[in-house]
Amino acid sequence: MNLPPFKLERYFAKYEFNTEFLLCSSDCEAMSIADLFAMEAGAAEKFQQVWLGYTESQGSPALRKEICKLYETIQPEEILVHTGAEEAIFLFMHAALKENDHVIVHIPCYQSLTKVAKSIGCDVSPWQAREENNWALDLDELRHLMRSTTKAIVLNTPHNPTGYLMSHADFEAVNKFAQENNLILFSDEVYRESEYDPATRLPAACDLGEHAVSLGVTSKTYGLAGLRIGWIATKNKKIYQDMAGLKDYTTICNSAPSEFLAEVAMRNRQKLIDRSLNIIKENLDVMDEFFARHSKLFQWIRPTAGSMAFPRLLKGDIEDFCDDLVKKAGVLLLPGSMYDDSRNHFRLGLGRRNLPQGVERLEQYLKK
Ligand SMILES: Cc1ncc(COP(=O)(O)O)c(C=O)c1O
């Protein structure tokens, strides 16, 4: 296994905890345990009784029962809880892929989605999202990428970093393509339930058949990254069992307090969704106005879901710009080069309450 440094994580490690305005976070505004408990009578008292022994490796039955409510047909025994979505990506790839397998990955992407497969010795073909198509994926390109050795497609919608949400028709077509060609569809759905129009929400891939594995987490739409609770949902027993077997070598089981808190969160998830979407929508209005004022400097494609967008700087170099901005103004933007993008894009985060103040600071910087 030969994993390169995780560029985005290394960039954040430099600035995340010493910069005033994080204008590029992927997670939505978090909250305290007290705020979470205010959503459910009796939760604070029950928390005192949480037993601090080892927990069930697949995740507590009560938590898995709550997670199932995200899906139409999934049963608790088809949910495997992990320490964050990150652990689940790592274990999925190690369980399902082997050297020389060919994998098609939606890019730009969260780095693990390509690099873990590459570290196993897989051939990875990028399925490129294109700005000129409002970041949509082209199904013809998918057909052309297919080889006799193709084992899996990795899809992420709502998408990090562009905020692209696939259409129902295209999502159905991707699933059909995977099924007809006997491919695994690894569907990273960590931004699901943050669609700006709920009617556009896609079905979860795991509900569409045994070919699919859906990935979820409490970090993003629900704003609870510090719980480090993620999961996969799948009807594919082999992948489930192989991942469960590997988990014995990583975390064995999850944190008992986090599982309890995640259960409360998932029971109250509509309140968490509404809270995050309110913040995102107010921030989107601020960004629309900002980009209208600065249309000569930035190219802005409004996202349709999720807590991020991927605008483009039209003058200068994005790495220099972000570097100077964070040092002089205390505002963090993430250069697209952290995603191996070479076209001057940057990641903008829309889920934090202090975005308007951060944008004000950015604007003062631009005036200078
Ligand atoms: C698309 C995607 N998948 C997975 C993850 C990992 O989530 P977590 O950090 O909560 O484990 C992230 C985090 O940014 C992500 O954006």
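Author: Start with the salt bridge, which is a side-chain nitrogen of Lys or Arg within 4 Å of a carboxyl oxygen of Asp or Glu. Side chains of opposite charge can pair when their charged atoms come close. This is a predicted model, in which local features need pLDDT of at least 70 and side-chain atom pairs count only at pLDDT 80 or more, while totals for chains, interfaces and linings use all residues. Residues are numbered from 1 along each chain as its sequence is written, and side-chain values use heavy atoms, with hydrogens and water left out.

Reader: How many salt bridges does the structure hold?

Author: There are 26 salt bridges. One of them joins Arg267 to Glu66, with the closest N and O atoms 3.7 Å apart. Arg267 is in helix 10 (residues 256-267) and Glu66 is in helix 4 (residues 61-68), so this pair links distant parts of the chain, 201 residues apart. Helices (H or I, at least four residues) and strands (E, at least two) are DSSP runs, numbered from the N terminus.

Reader: Is Glu66 buried or exposed?

Author: Buried means under 20% relative accessible area, exposed over 50%, and partly exposed in between (1.4 Å probe, protein chains only). Glu66 has a relative accessible area of 6%, so it is buried. Glu263 counts as buried at 13%, and Arg267 counts as partly exposed at 35%.

Reader: Which residue does Asp27 meet in a salt bridge?

Author: Asp27 meets Arg352, at 2.8 Å from N to O. Asp27 lies in the loop between strand 1 (21-22) and helix 2 (33-37), and Arg352 in the loop between strand 14 (346-349) and helix 13 (355-367), so the pair ties together parts that are 325 residues apart in sequence. Asp27 counts as buried at 15% relative accessibility, as does Arg352 at 19%.

Reader: What is the nearest side chain of opposite charge to Glu87?

Author: For charge, Lys and Arg count as positive and Asp and Glu as negative; His and the chain ends are not counted. Glu87, in helix 5 (residues 84-96), is buried yet has no salt bridge, and the nearest side chain of opposite charge, Lys247, is 5.2 Å away.

Reader: Which residues touch the most other members of the largest nonpolar core?

Author: A nonpolar core is a set of buried Ala, Val, Leu, Ile, Met, Phe, Trp, Tyr and Cys residues joined through side-chain atoms within 4.5 Å. In the largest one, with 131 residues, Tyr71 and Trp127 touch the most other members. Helix 11 (residues 269-293) gives the most to this core, with 8 residues.

Reader: What lines the largest cavity?

Author: On a 1 Å grid over the protein atoms alone, a cavity is a set of points where a 1.4 Å probe fits but cannot get out, and lining residues have an atom within 4 Å of a point. The lining of the largest cavity includes Tyr71, Glu189, Arg192 and Trp231. Strand 7 (residues 212-217) supplies the largest share of that lining, 3 residues.

Key: 1 Å grid on protein atoms, 1.4 Å probe; cavity = no way out; pocket = protein on both sides within 12 Å on 5 of 7 lines; lining within 4 Å.
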